[in-house]
Every structure is written in structure tokens, then in C-alpha cells.
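Here is a short tour of a protein chain for you to follow with the model open beside the text. Take a look at the overall picture, then at a few residues.

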Amino acid sequence: MSTYKSLLQQKAELDAKIEEARKHELAQAVTQARELVKQYGLTADDVFGGKKVSTGTRGTVAPKYRDPATGATWTGRGKPPKWIADQDRAAFAI
């Protein structure tokens, strides 16, 4: 039957072996990655992804409503201004 101290000793030995194996495999992985980068001429953007490309620019939106009293306009997006709030918008359509 194993004792607590002997099990701790075995655990410490296994931890050391695990760390050694990890370092060895990590070195192999880095070497392989460097060879692939060199072979195919890859860049950091190729490997890790570059900056996200914009799908388009946000332009201005044409106004859809105009206040006949002041000439103020509203596109119909966002919170409605006080001059059109709670009213029929058809009367203000451009």
C-alpha cells in the first residue's frame, strides 16, 4: 500500500516529466511552425489574421421629414424630435 509521502514523491516526479515533455514538444512545434512560415513566405497577418476589413463606409441618410415651421429635418432614425413626436408623420414627409 502506498503512503501519502510516496504518492507526493511520485506526483512530483510525474510533474517534472510532464514539464520536460511539454518543453520538448513545444520546441518541436515552434521549429515546425518556423519551417512552414519560411517555406510558404507567410506573414504574421497570414498566420494570426490581419485587421478586419471594413465592408463599407457609413454615409449620411437623406432626411425623410421636415418641420414646416422651422425647416428642421429628421431622417426617421433614432429618437424623434419634439416637433414630430406623437404626431402623424405623413404630414411632415418630404
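Helices (H or I, at least four residues) and strands (E, at least two) are DSSP runs, numbered from the N terminus. This is a predicted model, in which local features need pLDDT of at least 70 and side-chain atom pairs count only at pLDDT 80 or more, while totals for chains, interfaces and linings use all residues. Residues are numbered from 1 along each chain as its sequence is written, and side-chain values use heavy atoms, with hydrogens and water left out.

Let us begin with the whole chain. The protein chain has two helices and two strands, arranged α-α-β-β from the N terminus on. The C-alpha trace spans about 90 × 45 × 15 Å along its principal axes. The radius of gyration, taken over C-alpha atoms, is 34 Å for the protein chain, whereas a compact globule of 94 residues would have one near 12 Å (the globule rule is 2.2 Å times the number of residues to the power 0.38).

How many of the residues, in percent, count as buried? Of the 94 residues, 6% do; buried means under 20% relative accessible area, exposed over 50% and partly exposed in between, with a 1.4 Å probe and protein chains only. The protein chain exposes about 8,800 Å², of which carbon and sulfur atoms supply 55% (Shrake-Rupley method, 1.4 Å probe).

Now to the core. The largest nonpolar core has five residues: Tyr65, Trp74, Trp83, Ile84 and Phe92. Such a core is a set of buried Ala, Val, Leu, Ile, Met, Phe, Trp, Tyr and Cys residues joined through side-chain atoms within 4.5 Å. Leaving aside residues up to four places away in sequence, Tyr65 touches, among others, Ala72, Gly76, Arg89 and Ile94, where contact means heavy atoms within 4.5 Å. Residues 24 or more positions apart account for 28% of the contacts with a separation of 6 or more.

| Residue | Place | Relative accessible area |

Ala44 and Val30 are 14 residues apart along the chain, and their C-alpha atoms are separated by 14 Å. Asp86 has a phi near 60°, a positive value in a residue other than glycine. Most residues other than glycine have a negative phi.
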